[in-house]
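Reader: Could you walk me through this structure, one feature at a time?
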Amino acid sequence: MMVAAYGVAANKSSSAPNKAYKKVGTLRAVLDTIDFLDPQQAYTGQSWWAMWNVYETLLTYKHVDGPAGYQLVPGLAQSMPKISSNGRVYKFTLRPGLKYSNGKKVQASDFKWAIKRGFLATGQGVGFYTDIAGAKAFAAHPTKGGNISGIVVNNKKRTITVKLTKPRGDFLTILALLFAAPVPSSTSTQILNGKIPGTGPYRFSSFDANRGFTMVRNKYFKPTKYIPRGNPDKVDVSFVSDANSATQRVINGQADYSNGAIPPDRIANAKGKGHLVLRDAANTYYFWMNTREAPFNKLKVRQAVNYAIDRSALNRIVWGGLGRATQNVLPPTYPSYTKLKLYSHNVSKAKQLINQAGAKGAKVTVWTRQVSDAIDAAQYYTSVLNNIGLDAKLNILPRATYYSTIGNVATHAQTGWARWLEDYPHPLDWFDVLLNGNRITNTDNNNYAWYSSAKTNKEIEGLKKAQVLTPAVNKRWATVEKQIMQQAPWAPWSNRVFPEFFSKKMGCIHIQRLYGVDLMRLCRK
Amino acid sequence: MAEPATDLTFDSAALLASEEHEVTIVGRSPWYLAWRRLRRNYLALASLGLFFVIVIACALAPVYAHHVAHTGPNDVHVGEKVRVDGKLKDVIGGGSFYDVNTGKFVVKAPTYLGPTWWHAHGRFVLGTDNLGRDVAVRVLYGGRNSLMIGIGSALICTFVALTLALLAGYYRGGCDWLISRFFDIIWAFPVLLLAIAISSALAINGFHHFGINIEPGSLWLPTLVISYVLIPYIGRPIRGQILSLREKEFIEAAIGQGAGPLRVMFSDLLPNIVSTVLVFFTLIIAANILTEAGLSYLGAGVRLPDPSWGNLIASGQDQIETAPWLSLIPGIAIVLTVLSLNIFGDGLRDALDPRAKVRIER
């Protein structure tokens, strides 16, 4: 899961592409924060927003607006891979003449090193690659000289063959994650923010963890059908954590773009002072209920909670209404999405269910993290739980330790706030990671509801084998979703839209559905 | 050395004066003299009065919430309407929304019900916050929590600091060294940083040691944390005074007459520093209220949704442009409380011992 305030789907662009754009020169952007600028480590939307233009993967996504932005296209690969009939072997050939930004030639073995480097450096994305044959054994004893037998490379022929232990329908999207971006085999396993050469249209020219970073053109980059040369000559990124200050910078003309979440009361005022674009990102905000812990081990209590929440009101108080009320696990940007209407707002019914479950007065601790929108939502939730007859109190944890604490079986966390922003556009990124009972672990567990249903688990495992999301497969996913929500391990409440703020001088504002604002296609009016 | 011009003592001078004017000189206790000085200090008395008004108002928060505002401090009223001067108004209005007809969001700022000033039958007198909660009720409950922590931690802190100072000052030597180093260690950390560090460490599981069980979210946690981090700020100056008193003849005489350590500490040393302790106690309450406000502002003090003046200021920050009262009102409450305590504390110091240099130095 990407852990920062940044989703990765898109709405239609706010302004049509303009062929007669003026040159951008230096684009001055403001980000609230990033985690890393190292492809094997970075795992926030903000980092990926920048790094997508520096590091290329075997497969990538088109620089287009709307749903087409979810389409996988060849990146470093010459073409889409050949996949064996059993769905376990993937064969790629690299494009000829590829060079890194330091001028060195890209080798097929660099891909293997990138995957190995992830395991050696305990990168944040290694969990995605454990189905590669030999990866688990390598992960158990990672050494530089060790081998991942499932990755076979031939530098002369520029071929990469990846063998899986079992078929995975989402494996192509996993290969398109930046964790799998090839890096020179001489790259050390230490975290090297902004120092690792890439193959994309830009390269990092400076990085300061407290101030920001700069990207300039990569002179060795050659545009392809899917990866164009970017419009800005240079991108200057500053870190400004305070959303008010970030917004003010754009209004004052000190920045061209800010990704900072504009405070709800300022949005209406700010929109007249720049371009406000609402980015429709694939995310779901929800309250999880631990199905192993009383009183949420009772279905009626979980259903009561779903009935008690006024989702529209919650969207209004948390981000001024910039979110869609939802009862679904999947966001509406997915083809598998079928709108669920299982729980209409009904407090009386909720109270009745609590009484029927014999849970009146049950003590509940609501968990949330130290971020203003999460605190507001959890305060509302605590008030709702108290209103329907439970005895709820709130426990706020620091941002950094929140997920690891609630994901630890020893915490016995009963219920709380969570959100999910897609890593890649596939239902497996939601159902398999968040609600497959077979994947529950005692620590760092992502299934905060500890939900496990034999029927659902089996269906998810079966759907993993589907290579293509056909209408029939999508229908099966919709059935899985309904089955899950009938058991109500979650109370989903919002698909948030993110305000992106540009100065009045900016034009050609494009949103790539997965990576957000497409900086390569920005231009000045 | 020159001989004194006269061998008149104060007693004999008083006798002469009384004979001359036929006036009886009445012996006054130091406490009476202090009170006489204090009651002439109108500013200090007014400050004390203001502090009592604030304390009483906050103590009566449940009465106000139940009988006047008809809501609890954490009750959310989003989606409700309230009649103000006969007109129905949204508790929270405006806000952006998704227009299904156009398929686009209509961007609007949310509006919060401002102070109704008794035009809504006691409801939302000071307006609402972003969750539709009654600000007046939350400010009073917040004050209750802030004052309970401020006064509670001042009592604990003063008691512990005084005990340690008496032990260090009486026994001196190794005991003094040990206690002084303990003070030094705490003193070495900035107060707020140390308090945040301890509070964060206790945030997940609370405190369950030495037979003491405090759950996370309990008001005892910030109370004890604040007590602990401020111990040297009272303990060190009092220790200095006790060390000085320990060298006086009357202490030597008491020990010579066979008085035990406890008797010397509590009958001879303590009465001589009680005025200083009293002044420190008054001033440390103000310091503790500020520390609590700082901790709660940073999310390490009173846990939301329970209010305190500090977390109310923090919660209102995002609405500072559209609903400035959310941060302003608890801010004013803190200023008035701390100011009244500091002015009274200064007045008390002047009354008890005008030459004393009693300050909480941080």
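Author: Happy to. Please keep in mind that this is a predicted model.

Reader: Then let me begin with confidence. What is the average pLDDT of chain A?

Author: The general idea comes first: where pLDDT is low, the predicted coordinates should not be read in detail. Chain A averages a pLDDT of 91, and 96% of the residues score at least 70.

Reader: Let's turn to sheets. In what order do the four strands of the open sheet in chain A stand?

Author: In general, strands of a sheet pair through backbone hydrogen bonds, either parallel or antiparallel. Here the order is β4-β5-β7-β6 in chain A, with antiparallel pairing. β4 (82–83) and β6 of chain A are at the edges with a single partner strand each, so one side of each has no neighbour in the sheet.

Reader: How many bridges join β7(A) to strand β5 of chain A?

Author: There are five bridges between β7(A) and strand β5 (residues 89–93) of chain A. In this pair, K91(A) stands opposite T161(A). Strand β6 (residues 151–154) of chain A is joined to β7(A) by four bridges, and there I151(A) stands opposite V162(A). β6(A) and β7(A) also form a hairpin with four residues between them. In its turn, R158(A) has a positive phi of about 60°.

Reader: Which residues of β7(A) are on its covered face?

Author: I160(A) and V162(A) are on the covered face of strand β7 (residues 159–163) of chain A. T159(A), T161(A) and K163(A) make up the uncovered one.

Reader: How many residues of chain B are in contact with chain A?

Author: The size of an interface is often given as the accessible area lost when the parts come together. Here we can count residues instead: 30 residues of chain B are in contact with 34 residues of chain A. On the chain B side, β4 (97–99) and α7 (191–203) of chain B each supply at least two residues. By class, that side has 15 nonpolar, 10 polar and five charged residues.

Reader: What is the radius of gyration of chain B?

Author: Chain B has 27 Å, whereas a compact globule of 362 residues would have a value near 21 Å. Along the principal axes, the C-alpha atoms of chain B fill a box of roughly 105 × 55 × 35 Å. Its secondary structure comes to 13 helices and eight strands, and buried residues make up 42% of chain B.

Methods: Residues numbered from 1 in each chain as written. Chains lettered and ligands numbered in written order. Predicted model: local features only at pLDDT ≥ 70, side-chain atom pairs only at ≥ 80, totals over all residues. Buried ≥ 20, exposed ≤ 12 C-beta atoms within 10 Å, placed from the backbone. Pairing = 2+ DSSP bridges. Contact = placed C-beta atoms within 7 Å. Nonpolar A, V, L, I, M, F, W, Y, C, P; charged D, E, K, R; others polar. Rg over C-alpha atoms; globule rule 2.2 N^0.38 Å. pLDDT = per-residue confidence, 0-100.
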